[in-house]
Amino acid sequence: MADITITEKEQLVHGEDHGHDHGHGHDEHHGDKYQSSFIDRYLFSLDHKTISKQFLITGMFWAIIGAGMSVIFRLQLGFPDADISWLQPLLGGWIDIDPSTGAGKLSPDFYYALVTMHGTIIVFFVLTAGLSGTFSNLLIPLQIGARDMASPLLNMLSYWFFFLSGAILLFSLFLNTGPFSGGWTGYPPLSALPQASDGSKGGMTLWLISLVFFVVSVLLGGINYITTVLNMRTKGMTMFRMPLTIWAFLVTAILGLLSFPVIASGFFMVLFDRALGTSFFLDEIYIAGEALTERVGGNAILFQHLFWFLGHPEVYIIILPAMGIVSEVLAVHARKPIFGYKAMVFSILAIGVLSFLVWAHHMYMTGLNPFISNIFVLFTLIIAVPSAVKVFNWIATIWGGNFRYNSASLFSIGFVSLFISGGLTGLFLGNSIIDIQQHDTYFVVAHFHVVMGVSAMFGMFAGIYHWFPRMFGRFMNETLGQIHFWGTMIGAYAIFGPMHYQGMAGVPRRYYSFDTFQAFDQFDAMNQFITVAAIIVFFLQLLFVINFFYSIYRGKVQTEMNPWGATTLEWTAPIKAGHGNWEGDIPHVHRWPYDLNRYPDREFILQTEPLAEGEVDGGSSH
Amino acid sequence: MSTLTDVKLKRIHPKKFALWMAIVSMIMFFSAFTSAYIVRKSAGNWLSFPLPVEFYISTITILLSSLCFYISKKAYLEANIKLFKILFYSGFGLGLLFVLLQYLGWQSLHRIDISISTNQSSSFFYLITYAHILHVIGGIAALLVTLIGIIRKRFDYPSDKRTLKLELTYTYWHFVDLLWVYLLVFLIIQQ
């Protein structure tokens with residue numbers, strides 16, 4: 001057993017992983033020699049701060065692609081008769097040109113491909129890798145007082161597996177037969193039979209390979225995050241002195257570690273069905289009138305179980321980091337300690353546990369035994385309890401605070417608003433009886449976009465505006481930030497609000513066209529309105545991207561180490577911190593992370609400040 | 001002042017902890033297969049076939065290889081390098097033999113016309129054993145790295161760094177060993 005003390009451990013980890021040994025007890029670690037070349041510094045960097053930027057910028061790239069796709073299919077939904085031949089230079093053969101009129105229309109196959117890719121890209125690449133990859137990497141070592149992750153090498157590999165996974169999916173967009181088009185959930189038989197559709201051919205194979213690499217990336221990252229949080233906290237950083245961000249990232253990583261391998265199993269079985277002639281998910285299939293008599297005995301619903309055993313924890317993998325970020329940002333900008341710190345921690349843990357017990361609420365309509373449905377309804381509705389605790393605590397944190405209105409805090413409030421709105425519709429869908437009416441309609445689309453799509457994006461924006469100085473030593477432009485916030489906030493409700501009505505009227509999701517459904521003609525104007533709102537919101541995000549890159553080079557320079565007057569450790573490291581984060585010794589922690597306005601004469605007290613004689617740690621009373 | 005900060009905590013090495021986390025994820029990976037197996041089997045139309053005898057022999061081989069590695073680590077810590085090397089080579093050889101025996105096992109199943117697409121039961125059988133052998137090959141890759149280290153005389157005297165490497169490799173190997181025993185027992189009971 002290599003049991004070691006903390007001091008030895010710090011030395012061991014850094015000595016081994018960074019390729020040069022320090023003397024015992026001397027752990028100064030500023031500016032590694034290995035970072036001297038461009039490749040070491042920016043490409044294959046081992047520094048968690050650089051890797052976090054890599055995750056963020058790659059995530060932004062995918063967000064633009066994913067959101068751009070939604071604009072294109074929204075054009076089809078809002079203006080099905082419009083001539084979009086002008087998109088031909090971008091989409092080529094995916095625009096069907098009517099030879100008599102010369103008018104262009106989106107090909108139905110490509111519509112499905114776009115919807116599928118939009119889901120895959122946003123759920124996995126943007127809101128999993130882009131969100132948790134960015135902020136876990138940036139904040140875990142900095143906020144717990146570690147020089148880097150437990151294994152910087154695995155951390156780097158985690159990013160490059162993500163990059164590879166993205167490159168493969170990107171490549172599939174250029175295949176002759178197109179990318180996978182059977183929905184982001186990849187249900188068989190569309191995913192398991194190459195002959196099922198064009199998108200089920202090479203596009204699906206690449207989709208599977210891409211996602212297997214993605215699972216590897218998530219696991220490498222998650223193992224590192226958990227190990228780092230549990231083993232590498234600085235002296236004094238007890239579990240209950242960790243900021244809520246770290247709690248959220250920890251539980252997120254645990255969820256990923258337990259659920260992603262299960263979907264990997266499902267993906268392997270689909271690969272076997274496609275390539276080796278097994279029939280795990282196939283039975284009594286007819287394709288183009290022809291019966292596949294050889295492929296019998298499987299069960300397509302089995303895939304749904306495997307998929308949603310990941311799929312449901314996945315939505316918490318997406319939302320928990322956003323919740324952590326929002327808790328931190330709200331407390332700092334309301335200049336008040338977070339309300340009910342321990343309640344927040346326990347509700348994160350409760351959500352984590354419950355997230356594994358609710359997956360079949362995605363499957364009420366699969367012929368599930370109604371008694372089993374009842375159990376899943378019960379657990380699903382119980383999740384409302386820890387969620388409501390969190391919402392209450394956020395509101396109570398803002399209440400009576402000396403609130404600073406800036407982009408970061410506005411996006412945090414926006415998150416709370418969206419999470420409440422989207423959470424309320426979850427109560428409808430979580431009930432198996434109401435779900436009979438609502439399933440597979442726009443009500444579902446509206447629900448999950450509001451509660452985990454847009455709100456997680458808001459959490460991410462809050463994090464970016466708040467920690468931008470920590471990343472780049474400059475601030476983002478505040479005016480553009482607030483325009484970005486108000487436009488996106490109003491736009492998000494304008495897009496998804498009306499979809500609830502469509503869903504309640506029974507408009508099914510994933511339909512290319514509603515021409516043959518006269519009952520839905522009444523929604524033509526509403527669809528146009530949604531599409532216009534979506535286009536405006538898309539361009540507002542480009543404004544954010546411009547602000548982001550402009551501010552990296554030209555933003556207001558950060559002069560103070562701790563510009564927001566926060567209490568956590570990431571603001572005690574130099575503005576231009578090298579690899580290793582702190583010059584000299586790692587700071588030690590003496591108090592909880594929310595000593596904001598605790599005493600009339602002290603607006604904030606850093607975690608590194610020792611407790612005064614007779615002073616009780618603020619965290620002990622919360 | 002919190003007293004906890006002044007106590008030097010004895011903790012597991014972060015890399016070992018990370019390996020255990022990886023093992024947890026692999027357990028989840030195989031649990032998915034075996035639970036899907038149980039669900040599918042309960043639906044009927046399930047062909048029973050005897051497991052090939054090679055699989056029983058391979059089980060003994062991999063157990064013996066683990067035993068070799070276990071004793072070899074003790075020898076290494078006692079600086080008995082000669083014994084360490086002999087046991088390491090034996091364990092490594094037995095590991096390779098395991099892969100060969102698995103391959104022969106699949107061959108003998110093919111001879112009685114049990115292929116991957118014969119029935120759901122054989123599909124699951126091959127799926128699970130293939131997935132396991134991939135993990136074993138990962139273990140053999142790790143052992144190869146150690147083997148190269150031994151040949152280059154890196155293990156000629158005990159050091160903390162080498163002990164850690166040895167422990168990481170061996171822990172993983174013991175895991176794929178126990179995993180195989182679990183899978184074999186599972187396949188026997190669930191045939």
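**Close-up 1. Packing of helices H15 and H16 of chain A in the predicted model.** Helix H15 (residues 442-472) of chain A and helix H16 (residues 478-504) of chain A have axes that come within 8 Å and cross at roughly 170 degrees. Because an angle over 145 degrees counts as roughly antiparallel, H15(A) is roughly antiparallel to H16(A). The crossing in which H15(A) passes H16(A) is left-handed. On the H15(A) side, the contact is made by Tyr442(A), Phe443(A), Val445(A), Ala446(A), His447(A), His449(A), Val450(A), Val454(A), Phe458(A), Phe461(A) and Tyr465(A). Residues of H16(A) that they meet include Gly481(A), His484(A), Phe485(A), Thr488(A), Met489(A), Ala492(A) and Phe496(A). Also among them are Met499(A), His500(A), Gln502(A), Gly503(A) and Met504(A). By class, this contact of H15(A) with H16(A) has 15 nonpolar and 8 polar residues, and no charged ones.

**Close-up 2. The salt bridge between Arg509(A) and Asp440(A).** Side chains of opposite charge can pair when their charged atoms come close. In the pair shown, the closest N and O atoms of Arg509(A) and Asp440(A) are 3.8 Å apart. Over all chains, the structure holds 13 salt bridges.

**Close-up 3. Helix H8 of chain A against helix H1 of chain B.** The helices shown are H8 (residues 244-275) of chain A and H1 (residues 14-41) of chain B, which pack at an angle of about 45 degrees with their axes 8 Å apart. H8(A) and H1(B) are therefore oblique to each other, and their crossing is right-handed. From H8(A), the residues in contact are Leu257(A), Leu258(A), Pro261(A), Val262(A), Ala264(A), Ser265(A), Phe268(A) and Met269(A). They meet Met21(B), Val24(B), Ser25(B), Met28(B), Phe29(B), Ala32(B), Phe33(B) and Ala36(B) in H1(B). The contact of H8(A) with H1(B) comprises 14 nonpolar residues and 2 polar residues, with no charged residues.

**Close-up 4. The hairpin of strands E7 and E8 in chain A.** Strand E7 (residues 596-599) of chain A pairs with strand E8 (residues 602-604) of chain A in the antiparallel sense, over 2 bridges. Tyr599(A) has Arg602(A) in E8(A) as its bridge partner. Between E7(A) and E8(A) in the hairpin there are 2 residues.

Definitions and conventions: Residues are numbered from 1 along each chain as its sequence is written. Chains are lettered from A and ligands numbered from 1 in the order in which they are written. This is a predicted model: local features need pLDDT of at least 70, side-chain atom pairs count only at pLDDT 80 or more; totals for chains, interfaces and linings use all residues. Side-chain values use heavy atoms; hydrogens and water are left out. Two strands pair if DSSP finds at least two bridges between them. Helices (H or I, at least four residues) and strands (E, at least two) are DSSP runs, numbered from the N terminus. Axes are lines fitted to C-alpha atoms, for helices over the stretch in contact, and angles run from 0 to 180 degrees between N-to-C directions. Angles under 35 degrees count as roughly parallel, over 145 as roughly antiparallel, 65 to 115 as roughly perpendicular and the rest as oblique. A crossing is left-handed if the near helix is turned anticlockwise from the far one by less than a right angle, and right-handed if clockwise. Contact means heavy atoms within 4.5 Å. Ala, Val, Leu, Ile, Met, Phe, Trp, Tyr, Cys and Pro count as nonpolar, Asp, Glu, Lys and Arg as charged, and the others, Gly among them, as polar. A salt bridge is a side-chain nitrogen of Lys or Arg within 4 Å of a carboxyl oxygen of Asp or Glu.
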